[in-house]
Amino acid sequence: MLAVRGPIGTEDEARFAGRTREHVRVTWDEASKRRLRRTTEAGTDVAVTLDRDGYLADGDVLDDDGARIVVVRRPLERALVVRLDPASDRAVRLRAAVLLGHAFGNQHVPLEVDGDEVRVPVTTSEAIALQTVAALELPATRARIETVALGARRPLTGGGGHHHHAS
């Protein structure tokens, strides 16, 4: 078993040039787990321990033995993608973003914002995700299910939703 303590760099760094690569797949919901155990496609057993705020982004190098590097690969996953029309009024886009954050935050689902897109992992069903957006009746938006690399560069945000306090 190969034990690592998080990323040591990114695969595009010159110091890793010429190394063979072994990829380990890490999904959006595993990328910030403090402890994770996976097997590379070449069969290497890898145990990852991350610092408190650690994150495994696509292309992160976990190990370098001088000949081969172990690289994080973020797989494509099904997600709800809501595109906000960049030509629409800024206030309309802001309202849509806030309502999307509230709707999915109440379901404890995190979001990823990338330019004019809001991406939401499908945690229930594709139909329910699409119905959630349709119920908001958001102008200047288009929602559909796509296959994307969620959280490839940074963690998804939110998902904590509201908190329940004991009385």
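**Entry 1: the open sheet**

I looked up Asp-64 and found it opposite Ile-69 in E7. I note that the model is predicted, that local features need pLDDT of at least 70 and side-chain atom pairs pLDDT 80 or more, and that totals for chains, interfaces and linings use all residues. Residues are numbered from 1 along each chain as its sequence is written, and side-chain values use heavy atoms, with hydrogens and water left out.

Strands E6 (residues 60-64) and E7 (residues 68-73) run antiparallel and are joined by three bridges. For my own reference, strands (E, at least two residues) and helices (H or I, at least four) are DSSP runs numbered from the N terminus, and two strands pair if DSSP finds at least two bridges between them.

I then traced the sheet, which is open, has four strands in the order E2-E6-E7-E3, and is mixed in its pairing. E2 (9-10) and E3 (20-25) are the edge strands with a single partner each, so one side of each has no neighbour in the sheet.

**Entry 2: strand E10**

I checked how enclosed E10 (residues 117-121) is. Five of its five residues are buried, so the strand is largely enclosed by the rest of the structure. Buried means under 20% relative accessible area, exposed over 50%, and partly exposed in between (1.4 Å probe, protein chains only).

In a regular strand the side chains alternate between the two faces of the sheet. In E10, Glu-117, Arg-119 and Pro-121 point one way, and Val-118 and Val-120 point the other way.

Next I listed the partners of E10. E8 (residues 77-84) runs antiparallel to E10 and is joined to it by five bridges, with Leu-80 opposite Val-120. E9 (residues 110-114) also pairs with E10 in the antiparallel sense, over three bridges, and Glu-112 has Arg-119 as its bridge partner. The hairpin of E9 and E10 has two residues between the strands, and Gly-115 there takes a positive phi near 65°.

I found His-108 with a positive phi of about 60°, although it is not a glycine. His-108 lies in the loop between helix H1 (90-105) and E9, and its 41% relative accessibility makes it partly exposed.

Ala-140 is a residue other than glycine with a positive phi, near 60°. Ala-140 sits in the loop between helix H2 (126-136) and strand E11 (141-148), and counts as partly exposed at 31% relative accessibility.
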